[in-house]
Amino acid sequence: MTPSLGCLSALIAGFFSVHVLQKLCFPYFWRDLMFLLRVMRYGVHLELFKLRSRVHTVLDRFIQQAQRVPDKPFVIYEGSVHTYRDIERRSNRLAHVFLEDVKLRKGECIALLMSNEPDFLCVWFGLAKVGCSVAFLNINIKSKSLLHCVNCCGAKTLIVGADLVESMNGILSSLQQEDIQVWAMKSHTEHTQVHTLLDKVEAASEQPVPASLRATTSLKAPTLYIFTSGTTGLPKAAVITHLQSLKGASGFWAFGATEDDVIYIPLPLYHSAASLIGIGGTIELGATCILKKKFSASQFWNDCRKHDVTVFQYIGELCRYLCNQPPTAEDMVHKVRMGVGNGLRPDVWREFQSRFGNVKMCELYGSTEGNLCFMNHIGKIGTVGRSNFFYRLLFKYDLIKYDMVKDEPVKDQHGFCQTVKKGEAGLLLSKVSALSPFFGYAGSKQLTERKLMRNVFAKGDAYFNTGDLMAEDQEGFISFRDRVGDTFRWKGENVATTEVTETLGLVEFIQEVNVYGVEIKGHEGRAGMAAMIIRPGFSFDESKLFEHVMRDLPAYARPLFIRLQEEMAMTSTFKQQKFQLVQSGFNPSSISDLLFVLDHQQQSYIPLTDCIYHSILAGERKL
């Protein structure tokens, strides 16, 4: 063998050995690298805005798409097709109405209370075109919370969907006293305090308003306010900047979606998943979306087949509802190739793919206001994302030890937090930096400060506290374990225990109450449960409590279970003890306290018997 052939053989053997070593020790190296390069490419695109005099926003991208593909369907809703040009022109009309009739001015914040419908997008875009930021209100919130939400973001104008005007009856006078004008997407109304928009839209021009009104020079300028559960008792308005909005819009693209995809959006638009990722992502791609007013498990697959849906958005509960539907011969007859969302349990994930085909489920993790996002681009079941050497170079996060009993982080002798080992659950913190800023909440600086942990590993550092217990395995896959503190998740919504506690505290016969979430087999998240002490001289009134929670709490926040106690356990720092209550659950056979369950048929709380308990576990009782 000649020396040159020997060198060539050695080189080939070396390459082969490196390849085998990479496959064995770093099996995800190339997929990690390609995904990160894709994300970094978009990041560089955003950084370039800082060097220019003007930011190209999601709205600018929409206007660009309306010029590029004007006749392409943008939104299909209840059988009606709305092209990019249709939404562009109608939002132009609304923009003129906002300027000329509503008298809005650039820089104002406008509150929006609407259900899922194309006009939600037209109003949103119309407001953005005149330079207004928009506060998306949860349509489930009640009078006190609604008034708080409007006030905390500084809105002096509230726009209401036609189907929600009647629900405003109990709050219109309060809004008027606060000098807040109410405009409805109707042509006529019986309410003298409510102005109408639709009668003015038809006469308005469909020509664009001046582009200077929507122009912005800063990625950090607020464009939206999206409400999250408030640990202080009421919802908090998370500040959504153009930077966050643009990042959200890149989600589908990062997972590999294209303009040829048809995207199914059954989630509420007032949440960031549907608005930032769903609508924003559709716009970024120039794709088509199927918008549902409300999710329907029985209609889902028929809709997908009818519209040739290829991508859908989900939360874990949604996939469970689909798996609970009766099997049909057409379960695998569809074109859906990808689902994007969060909260999918491993057992539901496996069942979903086994029954409906090899649909790639792209789990992601990130709160509305958070400065960190994980994306499971590999598709490993049971994980919300993946970290690696490259990711850690860009984003600084840590999992710290957390004492569930004391409900506080574990500190060392110097007062600093301690990180957990691989595979152990720890509280997820994300470092606040120029690369990962935290924009906080509108209204009070105290709300923003409460979400930060300072002096975590060194004096002067600052971390965003996600409130989530996570674990990272040896391969870098990250999984969600639990929530800590004063919130839990149920029916796809975050429930603030303090808000529920304050509402229940208004009931005359309740002396003290402790609200927490309990796990129910077969359900995502935790169902609300309230341990309470009855005030001396009073008795527990099941019907009155039912009436109170139905009137003053949104459906997802109503406690399903009540536990009557003689005394309330406290921690060593005089906080209400939740851990033991959460661990003990709601089994009447193992709990000596009286237990009650919410019953809609009897319109009351009724005793929780062994029979009812087992019917809940068997999934026979609707929750």
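Which elements do the buried residues of α13 pack against? They pack against α12 (297–307), β12 (311–315), β13 (338–342), α14 and β14 (360–365). Helices (H or I, at least four residues) and strands (E, at least two) are DSSP runs, numbered from the N terminus.

Before selecting anything, note that this is a predicted model, in which local features need pLDDT of at least 70 and side-chain atom pairs count only at pLDDT 80 or more, while totals for chains, interfaces and linings use all residues. Residues are numbered from 1 along each chain as its sequence is written, and side-chain values use heavy atoms, with hydrogens and water left out.

**Stop 1: helix α13.** Select residues 316–323. G316, E317, L318, C319, R320, L322 and C323 are buried here; buried means under 20% relative accessible area, exposed over 50%, and partly exposed in between (1.4 Å probe, protein chains only). Because seven of its eight residues are buried, α13 is largely enclosed by the rest of the structure.

**Stop 2: helix α14.** Axes are lines fitted to C-alpha atoms, for helices over the stretch in contact, and angles run from 0 to 180 degrees between N-to-C directions. α13 is therefore oblique to α14; angles under 35 degrees count as roughly parallel, over 145 as roughly antiparallel, 65 to 115 as roughly perpendicular and the rest as oblique. On the α13 side, C319, R320, L322 and C323 make the contact (heavy atoms within 4.5 Å). On the α14 side, V348, E351, F352, R355 and F356 take part.

**Stop 3: aromatic rings.** F352 and F356 also belong to one aromatic cluster with Y264, F295, F300, W301, F312, Y314 and Y321. Across the whole structure, a search finds 32 aromatic pairs. Rings of Phe, Tyr and Trp (its six-membered ring) pair if their centres lie within 6.5 Å; planes under 30 degrees apart count as stacked, over 60 as edge-to-face and the rest as tilted. Now select Y391 and F395: their ring centres are 4.8 Å apart and their planes at 40°, so the pair is tilted. Y391 is buried, at 10% relative accessible area, whereas F395 is partly exposed, at 23%.

**Stop 4: helix α3.** Finish with D60, found in α3 (residues 58–68). D60 is buried, with a relative accessible area of 5%. Apart from neighbours within four places in sequence, D60 is in contact with R54, V55 and R214.
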